Structure formats: structure tokens, C-alpha cells
Amino acid sequence: MKNKRFNLLLIAVVTLVAVWSLWPTWRDYTYSKQLNSFGSTQDSLKYVMSHREEIEDARKKSLKLGLDLRGGMHLVMEVDQVDLFEQKAWNKDAKFSTIMQSVRAKAAQSDVRVIDLLVGEFRNENIPLSRYFYDIRNSDQEIVKKLEKESEDALNRAKEIIRNRIDQYGVAEPVITTQGSRKIIIELPGVSDENRVRNLLKGTAKLEFRLLREPEVMVRTLDRINTYLAQNSLPVPAKAPLPPDSASAPAPQPGSVAAPPASKPSSANPLYDLVGIFQNGTAYTSEHSRELVLSLLRRADIQALMPLDTELLLAAKPDVGKNGEKLYPIYLVKKAPELTGGVITEAKATFGSQGVQPEVLMSMNSDGTSKWARITGANIGKRIAIVLDGAVYSAPVVQSKIPNGNSVINGIESLEEAKDLEIVLKAGALPAPVRITEERSVGPSLGADYIRAGIQSLAWAFLAVSVFMLFYYKKAGIAADIALVLNILIVLSVLAGFNASLSLPGIAGIVLTIGMAVDANVLIYERIREELAEGKSVISAVTQGYDRAFSSILDSHVTTLSAAFLLYTYGIGPIQGFAVTLMIGTSASLFTAIVVTREIFHLLLAKNLMSEKSFG
Amino acid sequence: MRIFQKTNFNFIHNRKIAYGFSIILLLAGMVSLVVKGLNYGIDFRGGSEVVIRFDKNIDVGEIRSVLDAAGVSGTLKQYGMDRSFLFSTVFQGDTGQLKSLVSNALNDRIRSNHHEIVRIDAVGPSIASDLKWSAVKALIASLLAILLYVGFRFEIKFATAGVVAIFHDILTVLGLFSILGGLFPFMPLEMDQSIIAAFLTIAGYSITDTVVVYDRIRERIRGQKPSDYERIFNESMNQTLSRTIITSGTVLLSVFVLFIFAGPAIRGFAFAVFSGILIGTYSSIFVAAPLVYDWLKMTKSAVRLRGSKQP
């Protein structure tokens with residue numbers, strides 16, 4: 001008797017908790033319905049203002065919909081650990097770069113930790129790690145330990161930086177987690193401007209101040225590359241040539257484009273088909289040839305032609321020519337930066353002095369300020385390029401010594417871009433480049449379709465299964481159906497209570513649960529029928545039925561649960577959603593299908609409402 | 001209501017027929033797997049997929065020619081049954097570029113019929129190979145877990161036969177995917193993550209019916225002579241036949257609903273689970289229990305089972 005009362009109490013508590021946990025979801029639904037019913041935006045705004053707390057509270061505690069249902073972006077980013085280890089190494093030579101190349105090739109193929117690949121590769125070559133990493137006296141194990149720590153730090157730092165950037169960008173409820181040794185998973189619900197997010201996340205924000213070499217040196221360098229290309233008759237794919245223009249121009253005014261000896265056949269001057277030079281020594285390339293020039297500049301044989309410790313970089317943003325063509329200036333800068341972005345303490349996007357050009361103001365810490373003062377003092381009249389992620393944003397001429405550490409990045413196209421740059425600079429530089437390796441985005445209209453499809457499947461599956469149970473087991477079917485309703489309630493409420501989100505695969509899991517949850521009842525009822533057929537009384541048949549069916553119910557639930565658990569452990573993203581609902585549903589059915597239906601039968605038996613016919 | 005009043009099939013006597021049927025089924029699948037192979041989705045091969053939806057009906061050929069003219073190479077297929085199309089192409093780091101390329105081409109050339117890009121997925125090759133590995137790991141781990149659990153609850157012969165039956169079920173479904181892959185436009189049957197989920201669901205559920213039969217055998221076999229085993233096996237299977245079929249039936253019912261209503265993203269999964277449970281029900285009666293019987297007959301010793309109750 002006592003036990004029975006306990007079970008009833010348990011059922012009541014579970015039901016209440018489930019309803020209580022789903023209450024905010026219901027409130028959220030009614031609020032948004034009410035808001036949609038208002039005729040004007042003013043009315044709805046007024047309503048929101050007066051009910052703000054309730055609405056926000058309901059929204060916060062309500063059942064979240066997954067990315068696929070509400071639309072949004074799912075990104076997997078990978079921290080380039082090969083690059084990270086390369087940064088950590090010293091004494092780098094040709095051997096080292098071949099090793100790293102093969103590590104990189106292997107890393108692209110598998111999910112094995114990069115550090116393990118690295119160690120394996122060094123072991124194959126029989127080279128101690130200490131030749132390139134840390135101290136020569138360190139053993140391999142010590143170095144591996146240090147590098148492991150570095151890569152772990154890098155992953156966590158990258159995650160924090162990405163979180164900072166996203167927080168400042170303003171996405172509601174982003175989820176950012178790490179997976180394995182080099183992956184960061186980012187979920188951004190309701191993001192509409194995917195391109196902007198992508199750029200924001202990818203930017204490594206490696207900000208450097210680098211000295212520009214003299215224009216003559218650059219022209220000589222370009223000449224050398226041109227001659228080299230012509231001599232080796234290396235194929236530079238012919239692309240749209242530069243717009244021809246008047247041959248003389250006093251200054252790099254936009255539009256005053258000086259065509260190089262462009263009339264010559266393309267084979268004679270392969271480089272100058274892509275690159276033009278102003279009279280004052282400023283070089284540029286057109287938008288069409290930009291990719292081509294960039295790939296050219298990345299080639300090792302071309303880089304060898306540049307003066308020691310320098311490289312050619314392109315501007316991040318083009319100047320607009322007279323005819324509207326876009327021209328990207330080319331700069332020859334020193335490889336070693338004078339100062340790096342780590343010294344930046346504050347960044348602010350604003351409009352420039354004329355009020356139209358967006359720019360970013362930066363201030364530096366004391367260390368940076370003193371260095372900056374020395375650098376600017378020593379290079380008055382020279383140009384310093386502000387380089388962000390390998391692209392030159394601006395290359396101002398140093399007019400005077402800057403004692404206070406304030407500098408400006410201009411050459412930015414829109415205020416939006418300036419704002420993003422501000423975010424990136426403030427959040428700091430990523431420790432190593434990150435790449436997007438997986439991206440899934442769902443538009444809101446498809447999400448709405450998914451919701452409709454999900455609700456339809458749920459409704460039809462419930463209807464089909466519950467009608468079948470009624471039809472096949474008569475009165476006992478009612479108990480099973482009540483248990484089924486409670487089961488679905490529990491699944492939804494656990495999701496809402498633990499702040500997990502419901503996705504389309506999750507709904508599929510619930511639909512599957514509907515079919516599986518009644519299995520326990522089928523096993524019990526079939527057993528009861530058998531007992532009744534042996535001529536037992538209803539009361540003892542029910543008791544025996546529950547007792548004897550229990551072992552096979554338990555076995556089947558344990559196997560389903562373990563499969564779902566493994567699916568959760570090894571699966572990712574959408575599959576985990578499915579596994580979670582299946583796990584909750586299966587566990588809940590142990591309670592609903594066994595305890596709840598049994599109590600219902602006890603009540604009915606006590607009131608003499610059950611007979612042999614009640615089990616169909 | 002009752003579907004099976006009292007059956008008296010001689011399952012054990014006719015088990016060789018079932019074995020033959022299963023072997024043919026498996027062989028057909030294997031041959032198709034070797035000859036035709038599987039249709040891998042982007043989850044497993046890497047690549048980009050764009051789902052484009054149009055406002056009005058449109059011919060696949062028209063879109064294809066527009067995309068070809070724009071220089072976007074890839075395959076275009078009808079997606080689901082509404083005016084949606086799935087365009088898949090090799091992996092490009094920047095899906096934004098792909099999106100604008102496709103969108104611009106369609107906007108320029110098919111003006112009268114507005115389109116919307118409703119979904120973009122891009123999976124890099126390294127992720128794709130990771131996914132394959134974790135899928136294989138998950139499957140092996142779940143089979144091991146089931147082997148251990150059933151071995152612990154019953155006996156190792158029972159557990160092994162159960163796992164063999166699961167293998168049978170999964171391989172048959174895999175074979176079906178190979179044979180039927182690409183045959184139906186509404187159901188391309190590509191191998192992706194959700195199919196792995198389906199396999200694990202099948203593995204977890206296939207043993208359910210098997211356990212029901214085992215449970216009954218355990219209950220009745222206690223203290224019986226090996227010469228009575230054939231009768232006990234047969235009676236047990238007949239007695240549990242009704243519940244075996246109804247438990248599977250309810251699940252099949254809900255999976256069928258999924259297949260019909262849940263849309264193209266879930267359809268392959270629903271198909272896999274549906275056929276897997278159908279075959280799993282068959283195999284628990286015609287494969288798992290008969291295998292145990294054969295094994296017991298070969299060893300000619302009385303079986304000791306754990307946890308059996310007094311009848």
C-alpha cells in the first residue's frame with residue numbers, strides 16, 4: 001500500500017515538473033502569437049515594453065529550436081597547428097620544411113593529432129625534435145609535452161578570441177565548443193549575413209607595422225621578376241590586360257593610370273601585362289589580375305628574386321580609377337615588422353577628418369608607445385605600411401615623431417568593415433590561422449518547412465500508434481496512450497530544462513520513441529493475455545504480466561540505450577540531437593510504460609473496472 | 001483483437017530455407033556493393049551542396065544549362081518533391097563565393113522565376129574522413145557492447161548469434177542502399193551521417209526482438225534435455241511471434257510516418273530504419289534463434305543460462 005502511494009506521488013511529481021518545465025515554452029508561444037496579432041508596430045512595441053520581463057523570461061526558459069529549424073549557421077573551424085608548430089620552431093632549414101610539408105599533407109587526410117604526426121615523421125627521419133624545438137638539451141618527451149601544451153593553449157585561445165568576436169558582433173545565443181585537438185564548432189542561430197560572419201571569424205588579425213622600401217628598389221625588383229618570367233617563358237595565363245591610359249602621371253592619383261610599355265606582346269613582358277607602374281614608382285594591379293599576381297608572389301622562385309628580407313604585398317582595398325576600374329597598389333615592404341598588433345590596447349571605428357572615410361583609431365600600451373616613438377622618429381619622411389593579415393591597409397608617410405602611440409588605419413571601405421576590424425583588433429590575434437572546414441547554413445524559410453514537417457510527423461505518428469493500441473488492446477490501450485503522452489512531455493521538458501535544443505533529427509528521435517515506447521506495453525499486455533489464457537484471475541495476471549515481462553523489457557531498453565549512447569559519443573551535431581531524444585525517450589518509457597500503466601491498472605482494478613476483456 | 005491466435009510453425013525444421021534466403025539476400029547486396037558501390041553524400045566524400053528553391057515549376061535541364069554557362073560545374077538533381085533542386089559540387093573553402101556565383105547566374109538568366117538558396121552545406125575532405133572513422137568506431141563499439149551485455153544476461157552463444165543477426169541486418173540494409181541507390185528521384189539513398197545513425201538504431205533495436213525470443217527460451221529451457229530443445233525453441237518462437245511482430249509493427253508505423261512526412265532530409269534515414277527493422281524482425285526469428293539451436297546441437301551439451309526464473 002505504501003509502495004503504491006509512493007508511485008502515485010512520483011507520477012504526480014514527474015508530471016508537474018514536466019508541465020512546469022514546458023510552461024515558459026507555452027508562454028513564449030502565446031506571447032509571440034499576441035505580438036503578431038497587433039496591427040501596428042507601435043502597439044506591439046508598447047506591449048513588449050509593458051511585459052518585457054515576462055517575455056524575456058519566457059523566451060530564456062523556453063524550448064530552444066535547433067539551427068536547422070530556426071535557420072542559421074553551423075561552422076567547424078580548424079586551427080592550423082602545423083603553422084603553429086612552425087612558428088615555435090627555430091633553426092628552420094630545408095629538411096625541416098620538407099618534414100612539415102609531409103605532416104601537413106597527412107594532417108589534411110585524418111583526424112590524428114598533429115603532434116603525433118609530427119613526432120612520427122621526425123622519428124622516421126631519425127632526427128631529435130630538439131634540433132628545431134626549444135632547447136637542444138630537451139628530450140623528445142619533454143618537447144612533446146611542451147608542444148602539446150602549446151597546441152592546447154592555441155585551441156582554447158582561438159576559441160576565446162572567436163567567442164569575443166562573435167559576442168561583439170551580436171549573435172543571440174551562440175554556441176562555441178571545441179572538439180578534439182584542433183577543431184572549434186560554432187553555432188550561430190538566425191545569422192543572415194553569412195559572408196560577414198565568415199570574414200570576421202577567419203581574420204587572424206595579425207597586425208604589423210612594416211617599413212616600406214624605396215620606390216626605385218621596388219621597380220628594380222619588378223623588372224627583375226619580369227625579365228625572369230620572360231626568360232623562362234613561364235606561362236602567366238593571359239587575363240584581361242590593364243586599361244591603357246596616358247603614359248605620364250605626376251602622382252598616384254586615382255585614375256591617372258600609367259600603362260607600362262603595354263603595347264609590347266604579352267610574351268615579352270609577362271609581369272607588366274598584369275602590373276602597371278606609375279611614374280613616381282607606385283605599382284598596382286587591376287582587380288582582374290589580382291588573384292594571378294597574388295599566386296605569382298607566393299611562388300618560391302619569384303620570392304627569391306626579391307631583395308633580402310623584403311616581400312611584395314598587395315593593398316587590402318583598391319583605389320578606384322578614373323573609369324571606375326579598381327586598382328590594387330603593390331608595396332615592397334620589409335619582412336620583419338617594426339611593431340606588431342599585440343601592443344594595441346584600444347581600437348575604435350570612426351569616420352575620418354572629412355567625415356566620409358571610415359577609419360579605425362588605435363592606441364598602444366606604454367611599451368608600444370615608446371617603440372612607436374622611436375620608430376617614427378627614426379623614419380621621418382619614409383612610409384610605414386599597416387599590414388593586417390598580409391594585406392596592406394594603408395601606408396602613410398611618417399610626418400613627425402609620434403610620441404603618444406595613437407595611430408590610424410584608413411583605406412577602409414565601409415563603416416561596417418571598420419567596425420568588424422575594431423572587433424578583430426580588440427579581441428586580439430589568433431595564435432595560428434584558422435580555416436573553415438565545414439559549413440552548414442539553413443535559410444529561415446527552409447527552417448519553417450522543417451518545423452511543419454516535424455510537427456506533422458509527430459502528430460501522425462502519435463495518432464497512428466495510439467489508435468493502433470486502442471484498437472488492438474481496447475481498454476488497456478488507453479493506459480498505454482496516457483503513458484505515451486507523458487513520455488513525449490518528459491522528452492520535451494528534459495530538453496527545455498537542460499537548455500538543449502530541438503532539431504529535425506531530434507524530432508525524428510521522438511517519432512521513433514513513440515513507436516518504441518509502446519513496445520514495453522505490448523510485451524506486458526501480451527504476457528497478461530497469456531496469463532489470462534491460462535485461466536488466472538485478472539489481478540494475478542496483471543501482476544504476473546508485469547513481473548515476467550520485465551526482464552525482456554529491461555534487456556531491450558538497455559541495448560537501445562547503449563546504441564543511442566554510442567551514437568551520441570561518436571556522432572556530431574545533428575546526429576547527437578537524434579541520439580539525445582532517443583536516449584531520453586527510451587529511458588522515460590521505462591518509467592511511463594511500466595510504472596504509470598501499472599498504477600492506472602491498480603486504480604481500475606480497485607474500482608472493479610477491469611475484466612478479462614480489458615486486454616482485447 | 002489478435003493477429004496470431006495460436007500458431008504452430010515449425011521454424012526450426014525449416015531453418016535451412018531461411019538460411020538460404022538470407023544468404024541470397026546478403027550475396028545480392030555484396031555483389032552490388034562491389035559492382036555498383038555506394039552513393040556517398042558530402043558528409044563522407046567532402047564537397048558543397050546547395051539547395052535552391054524556385055517559386056514556380058522549372059525544368060532541371062534549364063537550370064543545368066544556366067549553371068553550366070556560368071562555369072559552375074557539379075551535379076544537379078531534383079530534391080524532394082517540391083520545386084527544390086540540390087546542386088552538389090566539389091569543396092570550396094568559401095561557400096559565400098559559391099552562393100553568389102549560383103545566385104547571380106540564376107538571377108541573370110532565369111528572371112521570371114524567382115529562386116531562393118535555402119541551404120548550403122560544405123564539408124572539407126579531412127572532416128569527411130573523420131566522420132567515416134567515427135562511424136565505424138561507433139558501430140564496432142555498439143556491437144561489442146551488445147555482445148557483452150547479452151553474453152552477460154544470457155550466454156555467449158546467444159550473444160554471438162544475436163550479433164551475427166545484427167550484422168546480417170546491417171549488411172542487408174547496406175546492400176539495399178547499394179542496389180536501390182539513385183533509382184528513385186525522391187529518395188537518392190546517399191550514405192551520410194544520418195544513415196550511420198540509422199545503422200546504430202537498427203543495431204540497438206534488432207536485438208530487442210531477439211531478446212524477447214531468447215527470454216522465452218531461457219524461461220522454458222531450464223532443466224530440459226538437449227533432445228527437447230527443438231520443441232522448446234519452436235514453442236518459444238511461436239509463443240512470442242505475436243509480440244515480436246507487434247512491437248516491430250508500432251515502430252515500423254512511426255518510421256513510415258517519418259518517411260512520408262519528415263521531408264527529404266530524413267527520408268534516407270527513415271528508409272534505412274524501416275528496412276532494417278523489417279529485416280531485424282525476420283532475423284530474430286529465422287536467423288538468431290536457429291543459429292543458437294544449431295550451435296547447441298553441435299556441442300551436444302545442456303545449456304546453462306544466467307538469470308532464468310522459476311517457471
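This is a predicted model: local features need pLDDT of at least 70, side-chain atom pairs count only at pLDDT 80 or more; totals for chains, interfaces and linings use all residues.
**Figure 1. Domains of chain A.** The domain assignment divides out domain 1 (1-62), domain 2 (74-202), domain 3 (214-306) and domain 4 (444-615) of chain A. Taken over C-alpha atoms, the centres of domain 1 and domain 2 of chain A are separated by 44 Å.

**Figure 2. The side of chain A that touches chain B.** The contact draws 62 residues from chain A and 59 residues from chain B. At least two residues each come from several elements of chain A, among them helix 6 (94-109), helix 9 (194-202), strand 17 (434-442) and helix 19 (574-606). Helix 15 of chain A gives the most to this side, with 15 residues. By residue class, the side of chain A that touches chain B comprises 33 nonpolar, 19 polar and 10 charged residues.

**Figure 3. Strand pairing between chain A and chain B.** Strand 17 of chain A pairs with strand 4 (residues 115-123) of chain B in the antiparallel sense, over 5 bridges. A:Val442 has B:Arg119, in strand 4 of chain B, as its bridge partner.

**Figure 4. The loop residue A:Lys474.** A:Lys474 lies in the loop between helix 15 and helix 16 (475-497) of chain A, and although A:Lys474 is not a glycine, its phi is positive, at about 50°. A:Lys474 counts as partly exposed because it has 15 C-beta neighbours inside 10 Å, a count that falls between the limit of 12 or fewer for an exposed residue and that of 20 or more for a buried one.

**Figure 5. A:Asn608 in the segment after helix 19.** In the segment that follows helix 19 of chain A, A:Asn608 is found with a phi near 60°, a positive value in a residue other than glycine. Because A:Asn608 has 8 C-beta neighbours inside 10 Å, this residue counts as exposed.

Methods. Residues are numbered from 1 along each chain as its sequence is written. Chains are lettered from A and ligands numbered from 1 in the order in which they are written. Two residues are in contact if their C-beta atoms, placed from the backbone, lie within 7 Å. Helices (H or I, at least four residues) and strands (E, at least two) are DSSP runs, numbered from the N terminus. Ala, Val, Leu, Ile, Met, Phe, Trp, Tyr, Cys and Pro count as nonpolar, Asp, Glu, Lys and Arg as charged, and the others, Gly among them, as polar. Two strands pair if DSSP finds at least two bridges between them. Domain bounds come from an automatic or database domain assignment.
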